[in-house]
Amino acid sequence: MQKTISCGGLRPEHDGQEGGLAGGGPRRRDHGGLVFSARRAADGVAQVVFHPEDSAEAHGVAESLRSEWVVSVTGIVRKRPAGAENPNIPTGAVEVLARAAQVLNESKTPPFDLTQEGQADELLRLRYRYLDLRTASMHDNIVLRHRVVAYIRRFLDDRGFVEIETPILIKATPEGARDFLVPSRLHPGAFYALPQSPQQLKQLLMVAGFERYFQIARCFRDEDLRGDRQFEHTQLDLEMSFVDEEDVLGLIEELYTRMIAEVAPERRVLSPFPRLRYDDVMERYGTDKPDLRFGLELADLTELARASEAQALRGAVEAGGIVKGFAAPGCAGYSRRQTDELTAFAQTRGARGLLPIAIDGAATSLDTLTMEHVRSPLARFLTPDEVKGFAERTGAAPGDLILIAAGDAPTVNTALSQLRNEMGRRLGLADPNLLAFAFVTDFPLFEWDAEEETWLPSHHLFTAPREEHWPLLESDPGAIRARHYDLVANGMELASGSIRIHNRERQERVMRFLGYTAEQMEERFGQLLGALEYGAPPHGGIAPGIDRLVMLLAGRAESIRDVIAFPKTQTGVDPLFRTPAPVPPAQLDELGIAVAPAE
């Protein structure tokens, strides 16, 4: 073995131990005869000292070292001299005095400095991902991901779950995004699809009698990318028979709280996880994935605006819209430039504009408020009583800034929810070490698509409605609430799941409502519909995303690309393998595929 010493495991109690270590590392530091070189291995970094009087040969090797050269060293562990300790690394109290050294492989000069994390352009980092993964933060992120997945497997195995792999090449099924298609060579003109999730497969496993199933599943969705989304992602796929909502939620809450305590003990978790109704979170936060680490709750100002002389407010209500707002504490002194920035922020999120009302801190209370204490583009259209009403509804006090948006409900909620998060960030209201989990329940079963003028599933078409809402399917579908639930934390959706429909007649009833013909049902879902006729048990499950969870636990990660070993860019490109890329014509001919010329 070239390595008998653990670089990252060296501690003062190893003083006097002799052995070998090996690894790469940054360029040497020459201190007038003494040469210092940090050797990096998978478990950490150790400092090696080369002294010409101890070994002239090893010292000569050290003098030739360059950045990232791979070296093996034989030496003796010793405590560092007093005052020379490095408290910033776990091995900072000891060093290895080299007796012999050998260069195992040289290295070209890296295209970026591996010791200056976050300085290199991300595209360059992805082009040389194998070097980027050597940096401490990226290495730690990948190890954290491993620890998360390892804990999940242990936890579920202890509770009677069976891990079952499901196919990657399956049939295209509607899951809310475009499928990635794979042509069949043996069946020209026919295609497989990569699974968006194992949804039907896990339901089939419930019919098969595996009452507790899970897998760490790879899922593929051809959709626009962003910081928390990739074409291919990994999720914990989990399904159980003979359960209700609370069985699933209780299991996930126990898994997360126990796992975080072990793999990320520095993160604080609020427990128990609150259960929040969809309608309530949309009213209070404007989004179904609220960040609960701070307040700034939205207030409905529609009825106050209806009686206002300010046309920007009253007109929006008369047009069928809503008016909502929230108070930013201590921000009444914001300049015109600062409020214009907030307005521009809201406009880029779809709002027509933003209506700020600043209440001067000179006002002793809302009861003594006059218009002299108010600064707003709407000031000449407002009365003190109106401003007081807005302030009371939003919880504003003298010295605060009320931020108001008016328009259709989806636009207002989207703009204000993101502005709320932005103000929480600017004001430093969110504790970065706090994980504020919550379950959101009672989602609508369907949502109306105004462009297509049709109803669509809010989650997927296998989600069961509340039992008492089945009679509403044809008469009032918008009022139906689903047995669907999400897990959210810190403004991010981490998991989604539901109790499923386990009866063929009821499943076909939902499909007919959504416009599927009998032929389409059989073509797309025949395998599941047939299985539901053979004693399918009641069942439900959930699918937490692994990438987003690790990103959240890492804290330092800015996107899920930072917790995936080899991700794609925001445009879906892999700079390392230079994909997507054309394939040889002969390979296309073998598959019977012709590529149309680009317009």
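**Close-up 1. P580 in the loop between α15 and α16 of the predicted model**. P580 is situated in the loop that runs between α15 (546–554) and α16 (585–591). Helices are DSSP runs of H or I with at least four residues, strands are DSSP runs of E with at least two, and both are numbered from the N terminus. The bond between T579 and P580 is a cis peptide bond, with omega about 5°. Residues are numbered from 1 along each chain as its sequence is written.

**Close-up 2. R578 in the loop between α15 and α16**. R578, a residue other than glycine, has a positive phi, near 55°. R578 is exposed, with a relative accessible area of 55%. Buried denotes under 20% relative accessible area, exposed over 50%, and partly exposed the range in between (1.4 Å probe, protein chains only).

**Close-up 3. N490 in the loop between β23 and β24**. N490 is a residue other than glycine with a positive phi, near 55°. N490 is buried, its relative accessible area being 12%. Most residues other than glycine have a negative phi, and most peptide bonds are trans.

**Close-up 4. P272 in the loop between β12 and β13**. The loop containing P272 lies between β12 (268–269) and β13 (275–277). The peptide bond from S271 to P272 is cis, with omega near 0°. In this predicted model, local features need pLDDT of at least 70, side-chain atom pairs count only at pLDDT 80 or more, and totals for chains, interfaces and linings use all residues, while side-chain values use heavy atoms, with hydrogens and water left out.
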